[in-house]
Amino acid sequence: MPQNTPFKSGFVALVGRPNAGKSTLLNACLGEKVAITSPVAQTTRKRLRAVVTTDDAQIVIVDTPGLHKPKDALGKELNRSALGELADVDVVAMLVDATKPVGTGDAWVANHVARCDAKKLLVLTKADASSPEQVSAQLEAASALADFDDQIVISAQEGFNVDAFVRLVTHWLPEGPKWFPDGMRHDASEEDIVAEFVREKAFLLLREEIPHSVGVRCDSITYAKDGHASVNATILVERAGQKGIVVGKGGSMIKRIGIAARQDVERLLGCKVYLELNVRVQPKWRRDRSEIARLGYDAKE
Ligand SMILES: Nc1nc2c(ncn2[C@@H]2O[C@H](COP(=O)(O)OP(=O)(O)OP(=O)(O)O)[C@@H](O)[C@H]2O)c(=O)[nH]1
Ligand SMILES: [Mg+2]
């Protein structure tokens, strides 16, 4: 690295429609899974900040909930949370899924992006799942949506152009100091990540509308003298029928969710884990702003 290369630092927000691949890109940049991902739209409900430190830059990557037409108080909070980030960052990366035609949803997101002062990057995602013709047609359509400063095609799943994305963000960041120690990786607590890992498995294993009614809270993590951790989490659903589905026949579904989540939680905590999951019916919690805040899905100031 030339001696006179200035050190850069600042914030980049990943924004876009639900399912565009924002959380997958955050994990790929960090080289570690902290954000949950799934094929279900509106997987992300909490803003998450990850710190990526390279030789010449320190980038805080902000994962945001997908922007969509809200149907309830939860949806409104998710949009508020994502739009709130646009005002506070140095660079906005708008992610567009290469496999889905650019539509009114992307145009709506681009309108918000266009109005912010940050540098604007267009990021076409999922290149591995689209043909070169599709990629160029999508790039042309998406780049017309706003006045972008730069653009890049990536596949976060395959690791294609992930390093190049980090370099591109670095290029557009202002000069600045290293604000955080090298070991700092993200701003989520262990409890937050555990709750999210459980929710991810529920999203991956449950069908249709059920995932949207699921909220997860981690009630406690306690470390025993023999080195294992006991973890308690509560899965909230909105109706008794949904509880039956989440529990499954003879407890089969809750067991599958628990086994899958435990693997991720053990990797996170670095020890053997006893995971206890409870399921509770909390009618219409998605319409109740105080319950949304208790679960941590509200837009933070
Ligand atoms: N083929 C392919 N699939 C991808 C890629 N990136 C993400 N996906 C998949 O796309 C789906 C959505 O990814 P997420 O990262 O959860 O998307 P998101 O934008 O964070 O979605 P929300 O949190 O709902 O806004 C998941 O099933 C991912 O595995 C990619 O580069 N290639
Ligand atoms: Mg996400």
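## Two domains

The C-alpha centres of domain 1 and domain 2 lie 27 Å apart, and the contact takes eleven residues from domain 1 and 15 residues from domain 2, where two residues are in contact if their C-beta atoms, placed from the backbone, lie within 7 Å. Domain 1 covers residues 8–172 and domain 2 covers residues 190–294, with bounds that come from an automatic or database domain assignment.

This is a predicted model, in which local features need pLDDT of at least 70 and side-chain atom pairs count only at pLDDT 80 or more, while totals for chains, interfaces and linings use all residues. Residues are numbered from 1 along each chain as its sequence is written, and chains are lettered from A and ligands numbered from 1 in the order in which they are written.

Strand β1 spans residues 8–16, and eight of its nine residues are buried; a residue is called buried if 20 or more other C-beta atoms lie within 10 Å of its own, exposed if 12 or fewer, and partly exposed in between, with C-beta atoms placed from the backbone. Strands (E, at least two residues) and helices (H or I, at least four) are DSSP runs, numbered from the N terminus.

Two strands pair if DSSP finds at least two bridges between them. Strand β1 pairs in the parallel sense with β3 (residues 57–63) over seven bridges, and Lys-8 has Ala-57 as its bridge partner in β3. With β4 (residues 91–97), strand β1 also pairs in the parallel sense, over five bridges, and there Gly-16 has Leu-95 as its bridge partner.

## Helix α9

Helix α9 (residues 252–269) has 18 residues and reaches 25 Å from its first C-alpha to its last, close to the 26 Å expected at 1.5 Å a residue, a span taken as 1.5 Å times one less than the number of residues. In this helix Ile-257, Ala-261 and Val-265 are buried. An α-helix has 3.6 residues a turn, so residues three or four places apart point the same way.

The buried residues of α9 pack against α6 (190–205), β8 (229–237) and β9 (273–281). After the helix comes Gly-270, whose phi is positive, near 70°.

Is Asn-111, with its count of other C-beta atoms within 10 Å, buried or exposed? Asn-111 is exposed, because 11 other C-beta atoms lie within 10 Å. This residue lies in helix α3 (residues 104–114), and its C-alpha atom is separated by 7.1 Å from that of Ala-146, 35 residues apart along the chain.
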